[in-house]
Amino acid sequence: MTPARLRPPLTVATIGPPQQGKTTLAAALSRLLGPRSDARVVDYIELTRGGKYYREGKVETQAARWLEYTTETWRIAHLDLAGRTTRAITQIAPLTWAEAIILVISPASGASAADGRVGELLRIAAHHDTTRAIVFINQCDRDDDPELVDLAELEARVLLDACGLDGDEAPVIRGAALPALTGDDRWKRSIFELAEAIDRCLVAPPRDPTAPLRMSVLRGFSIAGQGAVAAARIERGTLRIGDKFDLLGTTHHRWLAPEDRLLRTRRVAASLHAFDRVVDVGRPGELLGVTVPARADEGWRMWRRVCRGLTIAAPDSLALRRRFTACVRLLAADEGGWPRELAEVFTSQVVIGTASEGATLRTSTPTPRAGDTVLFEVSLVYPMAILGGERLLVRRHDRLIGLGVVVEPLGPIEVIEIDGAEP
Ligand SMILES: Nc1nc2c(ncn2[C@@H]2O[C@H](COP(=O)(O)OP(=O)(O)OP(=O)(O)O)[C@@H](O)[C@H]2O)c(=O)[nH]1
Ligand SMILES: [Mg+2]
């Protein structure tokens with residue numbers, strides 16, 4: 001068997017209505033599969049840190065959390081999403097990285113409890129790298145009426161089909177995360193079954209380690225006196241310690257004047273971390289913490305500028321732009337699309353990778369409606385690193401209204417002086 005460290009990476013996200021046991025499942029996977037490798041075991045308390053506490057020890061996840069474990073085939077980066085605050089950009093941005101989905105429901109509520117927001121997340125995942133989904137029917141210890149479980153399974157398959165994921169082919173596992181976590185052998189087996197299903201039917205999308213490096217940044221952290229760490233995922237290319245890279249994009253920080261928000265700087269990768277391990281090379285599909293060293297004259301200021309939405313790219317391989325054309329399918333009304341006709345010019349939020357910016361969308365089609373596929377000319381308020389063929393989301397009032405693809409970048413690139421060729 002391949003050693004855990006050398007197994008290919010796979011990003012998996014759990015999606016489901018609130019309080020179905022997503023975080024408990026994540027804790028059970030970590031407890032049962034973590035010790036098989038060098039992955040750190042993360043418990044329920046740690047996963048729900050920052051959550052909303054209720055009586056009876058219930059905790060509602062607020063922020064998306066990452067954990068790591070391995071199956072026989074994969075090294076899995078697991079994203080535990082919240083059930084309720086699903087429309088926050090902090091939930092949507094990491095979901096654009098998911099390569100597989102575990103839909104968590106319970107027999108009592110079934111997939112019908114999933115309001116439009118679960119469908120919205122499934123559509124976003126299906127529009128990006130997700131090709132397969134697995135259904136985990138949780139809390140079967142509480143409610144094992146076979147009719148209810150069958151109904152929940154059927155509803156889950158219908159929901160997946162409606163969201164562009166193959167519901168008929170999706171493996172369905174009947175289990176219970178809480179007794180598995182507390183050591184009940186019968187239910188532990190359901191967690192191992194889930195791991196087997198992940199091995200059996202998930203496939204990673206094609207990855208290109210030789211292409212020019214591209215990573216999108218999800219978060220920035222500060223290290224006192226040294227600089228910042230950018231939490232990012234390699235979409236293509238390879239990054240080694242000591243490699244030079246460009247960090248570019250728009251920093252949204254209220255302390256920065258609008259003209260200071262554009263960033264293009266060249267740095268050297270000082271160190272790389274994958275979860276708790278120090279690594280010396282990052283390959284496509286991997287989540288990394290990249291240390292962005294600060295220069296002596298910047299000191300503590302650098303960390304403020306490293307944030308969600310920036311791009312790490314091979315030197316001179318990408319440029320920032322504000323305008324492009326995009327082909328967008330406006331979601332139909334029953335998919336949660338915009339309920340009224342849209343004007344020929346309207347404003348909305350455009351999400352590409354982890355970046356999200358205000359934008360004006362223009363089209364020559366008179367009154368585009370929900371369900372239409374329309375060619376738009378998009379003008380962003382702040383520039384992004386844009387290439388043809390990239391997938392984008394159109395959101396309005398925090399609600400997904402369109403799924404699209406960049407057709408062609410337009411207009412001049414943003415000329416920003418590169419800030420210091422050498423750190
Ligand atoms: N009986 C039983 N209870 C469970 C099971 N799994 C989770 N629970 C309980 O269900 C409640 C919710 O669990 P969480 O894991 O926090 O649910 P969640 O889906 O992460 O919730 P949100 O983050 O709010 O969406 C907790 O009180 C758990 O103890 C299970 O398999 N059986
Ligand atoms: Mg949770």
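Where in the chain does D316 lie? D316 sits in the loop between β18 (311–313) and β19.

Before I go on, a word about the model. Thanks for bearing with me: this is a predicted model, where local features need pLDDT of at least 70, side-chain atom pairs count only at pLDDT 80 or more, and totals for chains, interfaces and linings use all residues. Residues are numbered from 1 along each chain as its sequence is written, while chains are lettered from A and ligands numbered from 1 in the order in which they are written.

D316 has a positive phi of about 60° although it is not a glycine. Most residues other than glycine have a negative phi. D316 is exposed, because 10 other C-beta atoms lie within 10 Å. The scale is this: buried takes 20 or more other C-beta atoms within 10 Å of the residue's own, exposed takes 12 or fewer, and partly exposed is in between, with C-beta atoms placed from the backbone.

Q19 also has a positive phi of about 60° without being a glycine. You will find Q19 in the loop between β1 and α1, and with 19 C-beta neighbours inside 10 Å it counts as partly exposed.

Now the overall layout. The domain assignment gives domain 1 (3–201), domain 2 (214–313) and domain 3 (320–414); such bounds come from an automatic or database domain assignment. Between domain 1 and domain 2, the C-alpha centres lie 29 Å apart. There, 11 residues of domain 1 are in contact with 9 residues of domain 2, contact being C-beta atoms, placed from the backbone, within 7 Å. On the domain 1 side, β4 (65–70) and α3 (89–95) are the elements giving two or more residues. That side divides into 8 nonpolar, no polar and 3 charged residues. For the classes, Ala, Val, Leu, Ile, Met, Phe, Trp, Tyr, Cys and Pro are nonpolar, Asp, Glu, Lys and Arg are charged, and the others, Gly among them, are polar.

Next, a sheet. Its 6 strands form an open sheet in the order β4-β5-β1-β6-β7-β8, with mixed pairing; strands pair if DSSP finds at least two bridges between them. β4 and β8 (172–174) are at the edges with a single partner strand each, so one side of each has no neighbour in the sheet. Inside the sheet, β6 (100–105) and β7 (132–137) run parallel, joined by 6 bridges, and I102 has I134 as its bridge partner in β7. Helix α4 (116–127) packs on the sheet, touching β1 (9–15) and β6, at about 165° to the direction of β1. Angles run from 0 to 180 degrees between N-to-C directions, using axes fitted to C-alpha atoms, for helices over the stretch in contact. Helix α5 lies across β6, β7 and β8, at about 160° to β7.

Finally, the ligand. Which residues come nearest to ligand 1? Of the 22 residues around ligand 1, they are G21, T23, T61, G83 and A176, where near means a C-beta atom, placed from the backbone, within 6 Å. α1 (22–33), β3 (59–60) and α6 (177–181) each give two or more residues to this shell, and α1 gives the most, with 3. By class, the shell has 6 nonpolar, 10 polar and 6 charged residues.

Key:
Helix = DSSP H or I, 4+ residues; strand = E, 2+ residues; numbered from the N terminus. Contact = placed C-beta atoms within 7 Å.
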